[in-house]
Amino acid sequence: MSGDEGYDDPYSLIDQLRGDGGVRVTRAGYVAFDYELCREILRDRRFGVRLPIDSAVPSPLRRYAERVVVPPNPIEAPSMFALDPPEHGRLRKPVASAFTPRAVARLGDRVREVTTELLDAMATHESVDLIENFAAQVPIAVIAEIMGFPAADRQLFLRWGYHVAPLLDVGISWQAHRRAMAATGAMRDYLAAHIEKLRREPGDGIFGLLVSTGDLTTTELMASANVLMGAGFETTMNLLGNAVPLLLSHSDQLDLLRAEPERWPLAIEEMLRFDTSVQMTARRVLEPVEFEGSVPLEPGKTLVVSLAGANRDPVKFPDPHRFDVTRPNAKENLSFGTGMHGCIGASLTRLEVLQALSALFERFPDIRLDGEPTRRRLSTLRGYSHMPVRLKSR
C-alpha cells in the first residue's frame, strides 16, 4: 500500500496488521489494535507517557528540565500529556475543575452564536472551503472564549496551529519542524504576555480562572494552554471536516437524521468511531508485561495504541466498516481515550460538533462537495486541509 493510500484509507492497512489480534511487533515498537487490549493498556499503570531523562543527569538538572523549561509543543513535559502520576494529577486537576457546568453551558451558548454568524456569512456565497470557513472557525472561536483571547487574534492562532500540528505526528520533515518551532516560539511569547495580563485582570474565562488560582507556575500555565488549544482545536476541526463527506456519501443515514434529529448525539458517536480524528496514541512500557496471546513487553519500549484499530474492532463493533448512526454501542468508542489521560474537553467537543453539524445541514439542505477534498498528510491526526462545497442547488 502506497503512502497516499495509507493516508486516504488507513483502515485497510490496520486490518492487515491486526492479524490474529494481540500486541504486534514492528520495527518501531509494539502496536495494539484490539479494542479490549487498547482499553486495558490506556488504563493500566504499568504503562506511562513520560519519556525518561537519562539517569546520569544530576537530579537538580533533571528537575529543572522537567519543571522549568518552556515546552515547545503540547506533548512534551510539563504538558499533562507527557506526565505520569503524581505530577499528571497535579496539573490535570485545576484544568478539569475549571470546566464547571456553568462554564461549559456558557461555551455552548457561544457555539450557537458563532455557528449562526458563520452560516450567515457562508450564505452569501454559492461555494466555500468548508474547512477554512466553518470547521476551523467554530473551534477557534470557542478556544478564544476559553483562553480570553481577543477575536482579532483568532487568525494568528489558526496560522500557528497549522504549523504546530505536525509536531503531533511522526517522521516530519526538517522544513516542517523548523516552521513548527518558529510558530511555537511566537505562541510562547504571546502566551507569556497574555498570562501576565490575566494575572492583573483574570476575567471569568476558564483559562483566566486557572491563572487567578495561583496553583500553577507560568511554565505550567503555558503547557496547560497548549493542551487546551491543541486538543480543543484539532479534534473538533477534523471531526467536523470528516463528518461532512461521510454523511453526504451515506445519504440514507443523513435522511434518517433529518427525519429524526433526536438521533444526532448517537450519530456523533458513530462518526467518532468510524473515522476518528486522532488515529493513535503511544505509551511507554514501565515494567515487564505479558498479555495472553501476545509477546512479552520489555520495559523502556514504546507501545502504539491504535485508536482507529480499536474503533474498527469487529469483536467489539460488528460489521465495523459499516457506518450506522443507530449503532447502539457507538458511544463506547475510544476516540477520546480513557483512563487518567482521557480527554478533558470531550463533552465540549461533542457539544460543538453536535450544534455546528446539525445547524449546517439544516441551513444548507442541498450542500454538496464541489470538488475533491484534500486530506492532510499526517498519520496521527486525520482530517482535511481543504474541502470545497457548494451550498445551494444550481
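Ala, Val, Leu, Ile, Met, Phe, Trp, Tyr, Cys and Pro count here as nonpolar, Asp, Glu, Lys and Arg as charged, and the others, Gly among them, as polar. The model is predicted, so local features need pLDDT of at least 70 and side-chain atom pairs count only at pLDDT 80 or more, whereas totals for chains, interfaces and linings use all residues. Residues are numbered from 1 along each chain as its sequence is written, and side-chain values use heavy atoms, with hydrogens and water left out.

**The whole chain**

Begin with the complete chain in a cartoon view. Its secondary structure comprises 16 helices and ten strands; helices (H or I, at least four residues) and strands (E, at least two) are DSSP runs, numbered from the N terminus. Of the 394 residues, 51% count as buried, where buried means under 20% relative accessible area, exposed over 50%, and partly exposed in between (1.4 Å probe, protein chains only). Among contacts (heavy atoms within 4.5 Å) between residues at least 6 apart in sequence, 70% join residues at least 24 apart.

Select residues 24–26 and 29–32 next. These are β1 and β2, which run antiparallel and are joined by three bridges; two strands pair if DSSP finds at least two bridges between them. The two strands form a hairpin with two residues between them. Within this pairing, R24 stands opposite V31 of β2.

**Salt bridges**

Now display the charged side chains. The structure holds 21 salt bridges, each being a side-chain nitrogen of Lys or Arg within 4 Å of a carboxyl oxygen of Asp or Glu.

Select D44 and R46, whose closest N and O atoms are 2.8 Å apart in a salt bridge. D44 counts as buried at 14% relative accessibility, and R46 as partly exposed at 27%.

Move to R110, E113, E117 and E145, which are linked in a network of salt bridges. Within this group, E117 pairs with R110, with 4.0 Å between the closest N and O atoms. E117 is partly exposed, with a relative accessible area of 46%, while R110 is buried, at 15%.

Then centre on E270 and R327, a salt bridge with its closest N and O atoms 3.2 Å apart. Because E270 lies in helix α14 (residues 264–274) and R327 in the loop between α15 (307–311) and α16 (346–363), the pair ties together parts that are 57 residues apart in sequence. Both partners are buried: E270 has 0% relative accessibility, and R327 has a relative accessible area of 5%.

**The second largest pocket**

Finish at the second largest pocket, with a volume of about 370 Å³. On a 1 Å grid over the protein atoms alone, a pocket is an open set of points where a 1.4 Å probe fits, with protein on both sides within 12 Å along at least five of seven lines; lining residues have an atom within 4 Å of a point. Grid points are joined across faces, edges and corners, and the volume is the space filled by probe spheres set on the points.

To find the centre, select I131, E132, A136, Y162 and S385, the closest to it of the 17 lining residues. By class, the lining has seven nonpolar, five polar and five charged residues. Colour α7 (130–135), α9 (154–164), α12 (218–248) and β9 (384–386), each of which supplies at least two lining residues. Of the contributors, α9 gives the most, with five residues.
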